[in-house]
Amino acid sequence: MDSTALPGLPAPPPLGASALPAGTYDGSLVLVTGGGTGLGRAIAAEFARLGADLLIVSRRERHLGPARAELAKLGTRVRSAVCDIRDPKRVSEVFDASALPDVLVNNAAANFPVPTEDMSPNAWQAVVDITLTGTFLMTREFGRRHLAAGTPGSVIDVSASYAWTGGPGFAHSAAAKAGVESLVRTLAVEWGPYGIQVNGLVPGLMPHEDMTEDIRGNLARAAAGTATAAGGNSGEGGEGPAGDARTGGPGEDEAEREALGRRQPALQGRHTP
């Protein structure tokens, strides 16, 4: 039915229209973790189109150079910093070297498929440290500085739907994202009275050129009608789009990860009803 024919309903916006008007973030500085690739870079680009200056961080400089060049084409000022968000000292240094951001987007995370019974302690720790602890450390540094200055701010944490549904084959990431969800709810109440907004965002699977092979495999199986619900979510939210953290992070044994990657079809078949 044509919505324009219904009383009281406006016509839909044109395809591709922005939800916010140009200039919404003029004069603002936005910090995006995992901003060098995938969803993080896309989020940074949208903030740039809305007028914001950018500070993008990644664990790897090779991701930051191309992102800076692309984002600068949008006419915004772009700074970058190499930062392992698990390191509180380095996190503090990144904030020290910059004006205080108005918005923090916690997009960086880690994820890869592995049967829980085969998951090494290093694999668990790497994902939880990046996804949950890293998000906490960035958020804490942002919040304590705004509280000290008496200024408002906004935190956006990228989460995943299996934080509340569970994610067979992704127990480390699902548990870490559940922690992120709780952190969002807690700080929304704790910091809200001081003008610091804390919100969660669950964008779902965001296909992009930086996807890992396991995510591409999930998409292929989904297209063939054989993927499980959990497998189809392997690139959800920040994990995949964070780009610089999807492969398990430092400490994860490469041979083990490759072997587990080869087992992924069996893992998905095991969880298929």
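## The sheet

An open sheet of 6 strands, with the strands in the order 3-2-1-4-5-6 and parallel pairing, is found in this predicted model (two strands pair if DSSP finds at least two bridges between them; strands, E, of at least two residues and helices, H or I, of at least four are DSSP runs numbered from the N terminus). Strand 3 (78-82) and strand 6 stand at the edges with a single partner strand each, so one side of each has no neighbour in the sheet. From one strand to the next, the twist averages 15°.

Strand 2 and strand 3 run parallel and are joined by 5 bridges; S58 has V82 in strand 3 as its bridge partner.

## Basis of the model

This is a predicted model, in which local features need pLDDT of at least 70 and side-chain atom pairs count only at pLDDT 80 or more, while totals for chains, interfaces and linings use all residues. Residues are numbered from 1 along each chain as its sequence is written, and side-chain values use heavy atoms, with hydrogens and water left out.

## Helices on the sheet and against each other

Helix 3 lies across strand 1, strand 2 and strand 3, running at about 160° to strand 3, whereas helix 6 lies across strand 5 (153-158) and strand 6, at about 155° to strand 6. Axes here are lines fitted to C-alpha atoms, for helices over the stretch in contact, and angles run from 0 to 180 degrees between N-to-C directions.

Helix 3 and helix 4 pack at an angle of about 45°, with their axes 10 Å apart, and they are therefore oblique to each other (under 35 degrees counts as roughly parallel, over 145 as roughly antiparallel, 65 to 115 as roughly perpendicular and the rest as oblique). Where they meet, P88, V91, S92, F95 and D96 in helix 3 are in contact (heavy atoms within 4.5 Å) with residues of helix 4 including L137, M138 and R145.

## The nonpolar cores

The largest nonpolar core has 30 residues, of which L31, M138 and V198 touch the most other members; such a core is a set of buried Ala, Val, Leu, Ile, Met, Phe, Trp, Tyr and Cys residues joined through side-chain atoms within 4.5 Å, where buried means under 20% relative accessible area (1.4 Å probe, protein chains only). Among the elements that give two or more residues to this core are strand 1 (29-33), helix 3 (88-96) and helix 4 (121-149), and helix 4 provides the largest share, 6 residues.

Leaving aside residues up to four places away in sequence, L31 touches L55, V57, F95, P101, V103, L104, V105 and M138.

Notes
Buried < 20%, exposed > 50% of the residue type's maximum accessible area, 1.4 Å probe, protein only.
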